[in-house]
Amino acid sequence: MLTDTLNDRQKEAVLHTEGPLLILAGAGSGKTRVITHRIAYLIENKGVNPWNIMAITFTNKAAGEMRERVDELVGYGSESIWVATFHSSCVRILRRYIDRIGYENSFTIYDTDDQKTVIKDICKRFNIDTKTTKERAVLAAISAAKNELISPEQYEKNNKNDFGKHNFIRIYKEYQAQLKKNNALDFDDLLVKAVELFEQCPEVLEQYQERFRYIMIDEYQDTNTVQFRFVELLAERYKNLCVVGDDDQSIYKFRGANIANILNFEKVFPEAKVIKLEQNYRSTGNILKAANEVIRNNHTRKAKALWTDKGEGDLIRLWEIDNGYDEAEAIAGDIERKVRQGSRTYSQCACLYRTNAQSRTLEEKFIAKSIPYKIVGGINFYQRKEVKDILAYLKTVDNARDDVAVKRIINIPKRGIGQTTINKVEEFANAEGISFFEALKRTEEMKIASKTANKIIDFVNSIRVYRSKLGEYPLTDIFHDIVDGTGYIKELEAENTDEAKARIENIEELLSKLADYQKQEETPTLSGFLEDVALVADIDSMDQNSDYVVLMTIHSAKGLEFPEVYLCGMEDGLFPSYMSINSDDSTDVEEERRLCYVAITRAMENLTMTYARKRMVRGELQYNSISRFIKEIPPLILESKTGVGNFGDLQNLEMKESDTFGGNFFGGFSSGRKETGGRRFASGSSAAKAAFARNSYGGLGGFGKKAMTAGELLNSGLVQKGFAGGAAQETAASQSDDENSAADAGPYGLGYQEGDTVKHVKFGAGKVISVKDAGRDFEVTVEFENYGVKKLFAMFAKLKKV
DNA sequence: CAAGCCATAAACCTA
DNA sequence: TTATGGCTTG
């Protein structure tokens, strides 16, 4: 029998096929099994035609996994089940019927670049300065409006008195008109126009209602308003709508997710049946108890309580630690010991934190102890563009002998010094045998236009000004001078996007590091600081070893599970964040609490929570109190330790091995690690070219991932390998030529070579005339049948061998 | 007005 | 990496 392997609640959910059904699936309660079994049951036992079943997920990946599992379980006819994401469903529908609402069915879909082009064009026509009105901010506002089904006209009405939004209103209107004119839809339009189609053409809606008699939605707590409307319309007729989700795991409010969709399900569908899946197959009793006790403090939620028949398990460890460094030290030390004792492998351990910037101290300790680690869904701290930029400034101020650093920042932020000028300066420097920066000081001796020369003089002078403070003022003052004086922070603030905010946070984290250094050293110097940083920044942290600890934000961890979880930074102000504590909206703290719930329920066997009495934030020492969430956990299931770190018993063993601790926090550095630094890209650069990926920065991933073990995570491609995207380009630039070319002897990874016939998306078929290694990319010359000879870059022109 | 130089786009299909 | 448009300046 199909349902034999299910528990009673799960069985009930599978058997309830008619009418609206809300399955509240707690963390680790086996919801994917329920969805797939329910589909199988509909077909095999209820005689439902697979053609009449629709299953919606958020990501293509989730859809693919669902498809796979359904295919396994359902025999004949499984291929005619509609398993798709919201967006792909809408595309399919619109391709058939969008002509009914005034578009052509051959509409094109605009990506972010296309969107930006349109916005840029509009700003130009409207004489709107794109320095103050950033395209990205406009796009974000338009996207937010569309997610809430707010038309340009409605948007205007809503914001009539808000002068700050005046430009947004004009642009949104014109943008939408432009898209229409171009017969184009952006990503959000796919949903919006599908809803519009259904609302304006009852006969089309009816047809799809007839087809999709049984609808299932996964991760329902993540749906936004327009997605909800889409589903509501489709299910209106037969009302066989089954939504699966967990209101307690709704953590994407900032991206438009509307928790009301799941909370008010029974209001919209009064006859709805609600089934709670509360048996958890992942965690021990104590972990579940902690999760339950925390989440029950939320008022806007559906009451439920996870349970397990696994037994209580170990107590939850709670460490009070003196400061952020000791926190990282304690966690790294604990993992090190467990692995040495053989009770854990690295990959069974995960460190979770609230903000990306917190990864820095952890990384440093992991490197110091030679513990292999990977950052998931982000880039290593010292590889981030903004961190490298500021460090380059500091290096330049310090001695300006590092030509790479000077060249990096000479035009950052943009000050009108371009490649031509840089080439000239470089030539001059080589001829004179002086450094790049020394050459900059002698602009008058080069043939450089006076306009550009003035900009160079300005730049050199500003560096001089920063430098003049060395020794006189605290290093942190100079740091502030740089980020303020160059306008670096200002530029990011103007961007006003989540990404820009994260970048600012990282710069503040670097400032904290500097402040900490300044405090610890008797005679702090900029050179000394940069040396300290170099020890951790330039190290080869990419172990070929596949066994590593993962570090990630809690958002990234959703859907994953680990035997050993460390949850750090459990302090009011950090988690929950200041923003949420001070917010007028009391549900902001509730969202943080849900985040805490997600974090706790990632742990299978052991959970350790840590908080620091003091912590360097934005260069200032903060004394935060213990997180309110911890106070919500019964002390009975906690095993508390105070003073972990310097004097705690946990560290005693480690301390005896090294008496340098306290003065020098890189005390445990092993010399063996240094040797690996040079071969960083030996196997990487070609792979990096082939694996070029855009926008790899700072993604808060975690859309509808199924529970994955560490091993699966490894193979899933979610783990940052350190070579993707911008990071690879930046770091490759600082490598010597011979190192690159040695690994790039042939264009392997391209899949074609000279003489092959290839196909291009736009230009069609052509013959490869030559393949040249052009530094970071391959330059491919192709003779196209209809477009003539073209030189293309392998990274961009995804050529395929025919 | 022409020369010189800077800034940017090129491709995929983010959920 | 390169072609192109746009901006600045002599």
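Q: How do you know how far to trust chain A overall?
A: This is a predicted model, so the thing to look at is the predictor's own confidence, on a scale from 0 to 100. Chain A averages a pLDDT of 81, and 81% of the residues score at least 70.

Q: What makes residues 647–748 a stretch to treat with care?
A: Their pLDDT stays under 50. The model still has 189 contacts beyond four places in sequence for residues 647–748. Where pLDDT is low, though, the predicted coordinates should not be read in detail.

Q: Why is Q10 called buried?
A: The cut-off for buried is under 20% relative accessible area. Q10 comes in at 2%, so it counts as buried. Q10 sits in helix α1, residues 8–15. Setting aside neighbours within four places in sequence, Q10 is in contact with S29, G30, V34, L277 and Y281.

Q: And why is E210 called partly exposed?
A: Buried would need under 20% and exposed over 50%. E210 has 24% relative accessibility, so it falls in between and is partly exposed. E210 belongs to helix α10, residues 202–211.

Q: What makes contact between E210 and R237, and which other residues does E210 touch?
A: Contact takes heavy atoms within 4.5 Å. Beyond its neighbours within four places in sequence, E210 is in contact with N52 and Y238 as well as R237.

Q: How do you know which strands are at the edges of the six-stranded sheet?
A: The order is β3-β2-β6-β7-β1-β8, an open sheet with parallel pairing. The strands at the edges are β3 (82–85) and β8 (273–277), as each pairs on one side only. From one strand to the next, the twist averages 15°.

Q: Why are β1 and β8 said to pair?
A: Pairing asks for at least two bridges between two strands. Strand β1, residues 21–25, has five bridges with β8, so the two count as paired, in the parallel sense. In this pair, L24 stands opposite K276 in β8.

Q: What makes α4 a helix that lies across the sheet strands, and at which angle to β3?
A: Helix α4, residues 86–97, lies across β2 (53–57), β3 and β6. The angle it makes with β3 is about 110°.

Q: What makes E219 stand out in its backbone, and is it buried or exposed?
A: E219 has a positive phi of about 50° although it is not a glycine. Its place is the loop between β6 (214–217) and α11 (225–235). With a relative accessible area of 8%, against a limit of under 20%, E219 is therefore buried.

Q: What about K239, and why is K239 given its accessibility label?
A: K239 has a positive phi too, about 60°, and is not a glycine. K239 is in the loop between α11 and β7 (241–245). Its relative accessibility is 28%, which lies between 20% and 50%, so K239 is called partly exposed.

Q: What is the omega of the I412 to P413 peptide bond, and what is it called?
A: Omega is near -10°, and the bond is cis. P413 is in the loop between α18 (403–409) and α19 (419–432). A cis peptide bond also joins F575 and P576, with omega about 5°. P576 lies in the loop between β13 (562–567) and α27 (578–582).

How values were computed
Residues numbered from 1 in each chain as written. Chains lettered and ligands numbered in written order. Predicted model: local features only at pLDDT ≥ 70, side-chain atom pairs only at ≥ 80, totals over all residues. Heavy atoms only, no water. Helix = DSSP H or I, 4+ residues; strand = E, 2+ residues; numbered from the N terminus. Buried < 20%, exposed > 50% of the residue type's maximum accessible area, 1.4 Å probe, protein only. Axes fitted to C-alpha atoms, helices over the stretch in contact; angles between N-to-C directions.
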